[in-house]
Amino acid sequence: MPTYTFALLNVFAETPFGGNPLVVFEDARGMDATLMQALARQFNYSETTFLLPSSRAAARVRVFTPTQEVRFAGHPALGSAHVVRERLQTGDAFQLEFEAGCVDLAAQGDIWQFKPPVVGEPQAATVALPSEEIATLLGLEESDLLGPPLWMDTGAQHLMVPVRSVEAVRRAAPDSRRFDIWPSNSQGRKVAYVFARDHIMPDRLLSRFFSVRPSGAIAEDPGTGSACANLGAWLLREGVALPARYEVEQGEAVNRKSLLRLALDADGTIRVGGRVLGLGSGSITV
């Protein structure tokens, strides 16, 4: 039976046990999608990645949640890049190939950043469900909303829910009992990203990312880079002055504090970054 090695990392981590954990299989040649999905379910992190050769980039990355494969995700991009740099000696700037497209990555030490794989203007779409109903699904009042929720897509589509205060972000309590009416994204995932600016420090935001699993369970992600990229697109849509830099805190409610660095360049380019810390490695024989 073949043996596959993997690295264990924390992404968007400012401390060894903070951030969003990630398993990266360093050479997934010989694996099929069924095995990849089974391994992702076994580790049960928000995502697990599998590195493969690529003719278009330094490596090809397949990304699996415990229940399905996804086109792109932010913290898997940064963590996979950290492993690729060490394993392939690529240097600090290169591309990785995802189902959503090739993604630019760059590092300064252990702080990595990516540009989302969006071509042209980020895609935005209205939500069929009324704002009042979405607020109720999140355990909030309609008066907590800063504006209407929107679908945003810079590589992965998420429901963006701006609220008026960080207190409202902390108060959010999604209702999984109403699974049937939760809006689904283009991949059939029921996800919501709730965020607010800190009124004392307006260049700092607090965010939470929820996903509703088919079982009805609510999962909360400690640090979601692709949603942070969509936050950048939302801010551009709101007409923020450019260039702009933000620090986005996430993971507070699940005791896995994450710090995401969001940059909006003068030309509107979105960049999301964070620190990647290696925690260990291992192998599995299947």
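Mentor: Helices (H or I, at least four residues) and strands (E, at least two) are DSSP runs, numbered from the N terminus. Please note that this is a predicted model, in which local features need pLDDT of at least 70 and side-chain atom pairs count only at pLDDT 80 or more, while totals for chains, interfaces and linings use all residues. Residues are numbered from 1 along each chain as its sequence is written, and side-chain values use heavy atoms, with hydrogens and water left out.

Trainee: What is a salt bridge, and to how many does the count come by this rule?

Mentor: The term denotes a side-chain nitrogen of Lys or Arg within 4 Å of a carboxyl oxygen of Asp or Glu. By this rule the count comes to 18 salt bridges. Some are joined: Glu14, Asp110, Arg261 and Arg275 are linked in a network of salt bridges.

Trainee: Are Arg208 and Glu220 buried or exposed?

Mentor: Buried means under 20% relative accessible area, exposed over 50%, and partly exposed in between (1.4 Å probe, protein chains only). Arg208 and Glu220 are both buried. Their side chains meet in a salt bridge (2.8 Å, N to O). This pair links distant parts of the chain, with Arg208 in strand S13 and Glu220 in strand S14 (residues 218-221), twelve residues apart. By contrast, Arg87 is partly exposed, at a relative accessible area of 38%, and Asp27 is partly exposed at 25%.

Trainee: Where does UniProt place the feature "active site"?

Mentor: The unreviewed UniProt entry places that feature at Glu47. UniProt positions are given in the numbering used here, with feature names shortened, and annotations may be inferred rather than shown by experiment. Glu47 lies in the loop between H1 and strand S3 (48-52) and is buried, with a relative accessible area of 8%.

Trainee: Which residues does Glu47 touch?

Mentor: A contact means heavy atoms within 4.5 Å. Not counting residues up to four places away in sequence, Glu47 touches Leu22, Val23, Val63, Phe64, Thr65, Ala73, His75 and Pro76. Of these, His75 lies in helix H2 and counts as buried, at 1% relative accessibility.
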